[in-house]
Amino acid sequence: MKLAGLKSVENSHDESVWAATWVPATETRPALLMTGSLDETVKLWGSDELVLERTNTGHSLGVASVAAHPSGLIGASASLDSFVRVFDVDTNATIATLESRPSEVWQLRFNPEGSTLAAAGGGSASITLWDTATWGPVATLPIPRPEGPKPSDKSGSKKFVLSVAWSPDGRRLACGSMDGTISVFDVARAKFLHHLEGHFMPVRSLVYSPIEPRLLFSASDDAHVHMYDSEKKSLVGAMSGHASWVLSLDVSPDGQALATGSSDRTVRLWDLNMRAAVQTMSNHTDQVWGVAFRPPGGTGVRSGRLASVSDDKSISLYDYS
């Protein structure tokens, strides 16, 4: 496995780019890269050439997260203005506007079936679930405190939820918190199952393996990447190599590799069999807030792609093979 730089777009936004995800291909178009920025906009880019297709406005503060519906037809963006905007990817028409209290929508993810949108609840210490048929809230999953004090939790008020991830079968939901804990829920029963521990600083990004439903990966400010068996509550691997906070991560569609972005300004590619970094890319000049592998599918698609976005306002696109 190897990354090769394909294209970079400098000043892709007017401010820091905080979020990136791929919109799956449809019958009428290839996959698109969706990015969200502190400049309050969401942009959609052509899959290989990173040609700007359209710019979406509507938020009044920076965009912290973007999410794509598995159909490839719907996008969602969460902003520091406490609104979630749901829109038609191809026309930019607003489908719904979801309102929350301040600092309660931090990261968005659609479930694999596309029936539910989950939001990491920030200061509310919960996950909010919306039904994508009605765009009404269907559940709030409160996060209980772990037993016993944690060394990093001196104030007792750091259960701020930063990240959320769905298991490939949609049965489990995991969220990462400011205090370093990861919480796992049974979605159908809306029930908290257990905490996963091992990090001692904020967990900013989570992703399940697409081929091993129990395997959960986490990225933390403690500069480590962890692998958990999320059902057995066990830490099965820890990887280090970044010089600073690990802000984002994603797993390749074949489940063999992991990409991470860090405040050390690098993107790293990890071989999951070796559990080691095999390549470091230094395309960016500032913190890397998002990394995303392009999902498989679409006509004429023969090779993998990875995208990264940064505080330096740029997007980088890599070939992954």
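Two strands are said to pair if DSSP finds at least two bridges between them, and strands themselves (E, at least two residues) are, like helices (H or I, at least four residues), DSSP runs numbered from the N terminus. The model is predicted, with local features needing pLDDT of at least 70 and side-chain atom pairs counting only at pLDDT 80 or more, while totals for chains, interfaces and linings use all residues. Residues are numbered from 1 along each chain as its sequence is written, and side-chain values use heavy atoms, leaving out hydrogens and water.

Strand β19 (residues 215-220) pairs with β20 in the antiparallel sense over five bridges, and A219 has V225 in β20 as its bridge partner. Both strands belong to an open sheet of four, ordered β18-β19-β20-β21 with antiparallel pairing. Its edge strands are β18 (203-208) and β21, each of which pairs on one side only.

The loop between β20 (224-229) and β21 (234-240) holds K233, which counts as exposed (over 50% relative accessible area, with a 1.4 Å probe and protein chains only) because its relative accessibility is 52%. Leaving aside neighbours within four places in sequence, K233 is in contact (heavy atoms within 4.5 Å) with H194, H195 and L196.

| Span | Helix | Strand | Distance between end C-alpha atoms |
|---|---|---|---|
| residues 56-97 | 0% helix | 55% strand | 14 Å |
| residues 239-280 | 0% helix | 57% strand | 14 Å |

Key: Buried < 20%, exposed > 50% of the residue type's maximum accessible area, 1.4 Å probe, protein only.
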